[in-house]
Amino acid sequence: MGVTISFGIQKGGVGKTTTTAISSYLLAEMGYRVLAVDFDSQGNLTGMLTQQNIYDFTERTVLQAVKEKNPVPYIHSVNDNLDVLPAEDFLSILPRYIYREYKGHPAALLRETLDVVKADYDFILIDLPPNLGDHTVNGLTASDYAVVMLQSEPFCYDALDRYLEFLTGVQNNTNPDLILGGILTTMLDARATIDSSILDQAKEDFEDLVFASVIRRKSRIKEFSIEGIQNRIKADRVALAPYQSFLEELIERVKERQVQ
Ligand SMILES: Nc1ncnc2c1ncn2[C@@H]1O[C@H](COP(=O)(O)OP(=O)(O)OP(=O)(O)O)[C@@H](O)[C@H]1O
Ligand SMILES: [Mg+2]
């Protein structure tokens, strides 16, 4: 049975999509069967992993999947181990669909949809949008684990507390089994002291919840969003290494829980 992990925080542009995409890519490379779910109407995960225009997927996205509660016809294969459930702009109408037409539980739509294929994957990774609306509620309700992204920047640190409160709300209301997988520091600029002090503060406040692996800013990572993720030359391996070590920590945490 697959383990479902969402990557979120209500702050924009902190590396959620990049981390979801690279993690999906690397887990697939490690031999796991992976489904990457784009649950943000910006469609950035779709673009990054498929290297296609997101409008190629119009009418064949996660929106149709949740409406039919069946993702199977809408899953796009990237390689033998990696599948994507794509998104484009129209995913933004999800709340309207939920409250006007849908008769079931408003928070459980994505979970019930992904349940159909959960047994087919080792990991299902969900990329969440930068807000605390219905997409995020659905994404967290569908998740076994939530990874929270922390860009080491003051505004983002304030957002972290609120996101964690929100997560507790989901645990209390719609997904009691949701586990906080950890807090991942992204886009750290090693030269800026403010960045490092926020990381130190997070470690003091949240201790072991903060992953030891830290994602630093690297221009090669930015290139991956345009050219697609590659693992050919040394610069690729160097850029991917922190994500690899984050995944090793994450897998360890998941395995520890499974043994308990
Ligand atoms: N480690 C990194 N080093 C350099 N650039 C990065 C890194 N991670 C992400 N970026 C770049 O930062 C920008 C924002 O990243 P990304 O889209 O992953 O953030 P996001 O949190 O998903 O944004 P949104 O909230 O809009 O969904 C992108 O241009 C991406 O290429
Ligand atoms: Mg994003």
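Visitor: Why does phenylalanine 224 count as buried?

Guide: Phenylalanine 224 has 0% relative accessibility, and buried means under 20% relative accessible area, exposed over 50% and partly exposed in between, with a 1.4 Å probe and protein chains only. The value for phenylalanine 224 therefore falls in the buried class. This is a predicted model, in which local features need pLDDT of at least 70 and side-chain atom pairs count only at pLDDT 80 or more, while totals for chains, interfaces and linings use all residues. Residues are numbered from 1 along each chain as its sequence is written, chains are lettered from A and ligands numbered from 1 in the order in which they are written, and side-chain values use heavy atoms, with hydrogens and water left out.

Visitor: Where does phenylalanine 224 lie, and how far is its C-alpha atom from that of leucine 49?

Guide: Phenylalanine 224 belongs to helix α9; helices (H or I, at least four residues) and strands (E, at least two) are DSSP runs, numbered from the N terminus. Leucine 49 is 175 residues away along the chain, and the two C-alpha atoms are separated by 9.5 Å.

Visitor: What makes glycine 8 and isoleucine 183 buried or exposed?

Guide: Glycine 8 has 1% relative accessibility, so it counts as buried. Isoleucine 183, at 0%, is buried as well. Glycine 8 is part of strand β1, residues 3–8, and isoleucine 183 is part of strand β7, residues 179–188. From isoleucine 183 to phenylalanine 7 there are 176 residues along the chain, with 9.8 Å between their C-alpha atoms. Glycine 8 and alanine 108 stand 100 residues apart in sequence and 18 Å apart in space, C-alpha to C-alpha.

Visitor: Why do glutamine 10 and glycine 12 receive the classes they have?

Guide: Glutamine 10 has a relative accessible area of 18%, so it is buried. Glycine 12 has 44%, and therefore is partly exposed. Glutamine 10 lies in the loop between β1 and α1, and glycine 12 is found in that loop too. A polar atom of the glutamine 10 side chain lies 3.1 Å from the backbone oxygen of alanine 159.

Visitor: Which class does each of glutamate 59 and lysine 69 fall into, and why?

Guide: Glutamate 59, at 56% relative accessibility, counts as exposed, whereas lysine 69 has a relative accessible area of 29% and is therefore partly exposed. Glutamate 59 sits in the loop between α2 (44–50) and α3 (62–68), and lysine 69 in the loop between α3 and β3 (76–77). Neither is a glycine, but glutamate 59 has a positive phi of about 75 degrees and lysine 69 one of about 50 degrees.

Visitor: Which residues come nearest to ligand 1, and what classes make up the shell?

Guide: There are 20 residues around ligand 1, of which Lys16, Thr17, Thr18, Lys218 and Ser225 come nearest; a residue is near if one of its heavy atoms lies within 4 Å. The shell has six nonpolar, seven polar and seven charged residues. Here Ala, Val, Leu, Ile, Met, Phe, Trp, Tyr, Cys and Pro count as nonpolar, Asp, Glu, Lys and Arg as charged, and the others, Gly among them, as polar.

Visitor: What polar backbone atoms lie close to ligand 1?

Guide: An oxygen atom of ligand 1 is 2.9 Å from a polar backbone atom of valine 14. A nitrogen atom of ligand 1 lies 3.0 Å from a backbone N or O atom of arginine 216, and a nitrogen atom of ligand 1 lies 2.9 Å from a backbone N or O atom of lysine 218. Ligand 1 has 630 Å² of accessible area on its own, and the protein covers 85% of it.

Visitor: Where does ligand 1 sit, and which elements give two or more residues to its shell?

Guide: Ligand 1 sits in the largest pocket. The elements that give two or more residues to its shell are α1 (16–29), β8 (210–216) and α9 (219–227). To sit in a pocket, a molecule must have more than half of its atoms within 2 Å of the grid points. On a 1 Å grid over the protein atoms alone, a pocket is an open set of points where a 1.4 Å probe fits, with protein on both sides within 12 Å along at least five of seven lines, and lining residues have an atom within 4 Å of a point.

Terms used
A polar contact is a pair of N or O atoms within 3.5 Å; within protein, one must be able to donate a hydrogen and the other to accept it, and residues adjacent in sequence count only if both atoms are side-chain atoms. Accessible areas come from the Shrake-Rupley method with a 1.4 Å probe; for residues, only the protein chains shown count as cover.
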